[in-house]
Structure formats: structure tokens, C-alpha cells
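Trainee: Could we walk through this structure together, starting with one residue and then moving out to the whole protein?
Mentor: Happy to, let's take a look.

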Amino acid sequence: MKRIVLFTKYGSVNLLKNYYLDEVVALDDGIEIALENNIKLFLAISDFKDVSLDNLLKYISKDKIMKYTKRDNESALDKVLNYLITLQCDEIIILDSFANSLEHTQELLYVLKKYRIKITILSEKEAVSYYSVGSHVISKQGYSSFMLIGYPNCEISMEHVSQNISNIKLDFTNTLPLGNKIFERVAVLKVISGGVLLVLKNDD
């Protein structure tokens, strides 16, 4: 399975170091943060408004650098994801954070649902993924609990968790709160209709 890790300026360097065997792509200001921490990059992608190309060429060969241009209504994240998907990867992990502006949070939620490929937004506090209709094996990944959010609405069941879920209907304003836990290493999530956000989180 081919996995790409996309590192943004809001991403955790500590988490990034766990993905040294994967293809790491850094975006805009995330490029300099990655290089400062001696992270080997598969690609560095930027519009070069805030990143110096001349400085970047001191550390990375030209064939690993790409410039993007976007339309006024297109975000940098969306533009870059459109390209990364053409590389025929099976999964994209975005190291970022929801603890920023509302606009940025909306942007992250938008890309989770837009693409058919599996995308996970990963921070030091949580991992957020979107699941559409079908059965999905969910790995615990060291997190202690999870929350389910209809996006925008769904009917779901879930097994191998501390409180089994059977044919529950949720929408974006009606969630299953944190507290339910995955037994051992994996659980099975069945999305009967709609789509759902799964938030894996550590209790603190």
C-alpha cells in the first residue's frame, strides 16, 4: 500500500518523524520546518510567496521541487491534494491541526469528504477520517476513545467496541460523544447510509 504524508505548517514534527519510511511531501511553510528538523522530502510544493526558492535549492534537488498556482476560489491544500492523488497512492495522511481558524477547519473538513481516497487529518491530539457507505476496519492506533459525527448525516453500526452501536442515525448536530473505546486493536464500522466522521482521540 502506497501512503503519502503531507506536512503543513500546522503539523507536528514529532509525528512526522514516525513516517520516515513513507513519501513525505511538505507544503509551503511546512517545507522549511521539515528541513530544519532534517526530514527527507519526497517533494516540496509551494507557490513561493513566503518560501525562498533560491534557499530551498541549497537543500533539495530541483526535480523534487514543484510550484503550484491556484484559482481564487481554490485552496492550496485542495490544489496539492488534486495532484498527489494522480501519483496513485492508496492513502494520504495530512499532518495538520483543527486548532486554528474556522476557515481552516472548514477547509480540512471539505477535503476529507471530497476525495474517494482515504484521507486522515492527524495531529498530536486526534486523528480524523471520513467514511462513506460500506464496512470499514478501524485500527485503534494507540488512541483511547473515539467520537462519531454524521457528515452531514448517516446511519451506522459498529462492533468490537466497549459499547456496540447498532443502526444509529446521526447528523452533524447530533454526535456520539467520546468515551466509547475500541477493544484490542481493531473495530468494524458499518456505514449503512450517508457518511460519518470518525475522531480517534486520547482522553486527557
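**From one residue to the whole protein**

Mentor: Ile 165 is found in strand β10 (residues 165-171), where strands (E, at least two residues) and helices (H or I, at least four) are DSSP runs numbered from the N terminus. This is a predicted model, in which local features need pLDDT of at least 70 and side-chain atom pairs count only at pLDDT 80 or more, while totals for chains, interfaces and linings use all residues. Residues are numbered from 1 along each chain as its sequence is written, and side-chain values use heavy atoms, with hydrogens and water left out.

Trainee: Is Ile 165 buried or exposed?
Mentor: Buried means under 20% relative accessible area, exposed over 50%, and partly exposed in between (1.4 Å probe, protein chains only). Ile 165 has a relative accessibility of 8%, so Ile 165 counts as buried.

Trainee: Which residues does Ile 165 touch, not counting those up to four places away in sequence?
Mentor: A contact means heavy atoms within 4.5 Å. With residues up to four places away set aside, the partners of Ile 165 are Phe 146, Leu 148, Ile 156, Ser 157, Met 158, Leu 176 and Asn 180.

Trainee: What does the buried side of helix α4 pack against?
Mentor: In α4 (residues 76-85), the buried residues are Ala 76, Leu 77, Asp 78, Val 80, Leu 81 and Leu 84. They pack against β1 (3-7), β2 (23-27), β3 (43-46), β5 (91-95), α5 (102-114) and β6 (118-122).

Trainee: How many helices and strands are there, and what is the radius of gyration?
Mentor: The protein has five helices and twelve strands.

Trainee: What share of the 204 residues counts as buried?
Mentor: The C-alpha trace spans about 55 × 35 × 30 Å along its principal axes. Of the 204 residues, the buried share is 48%.
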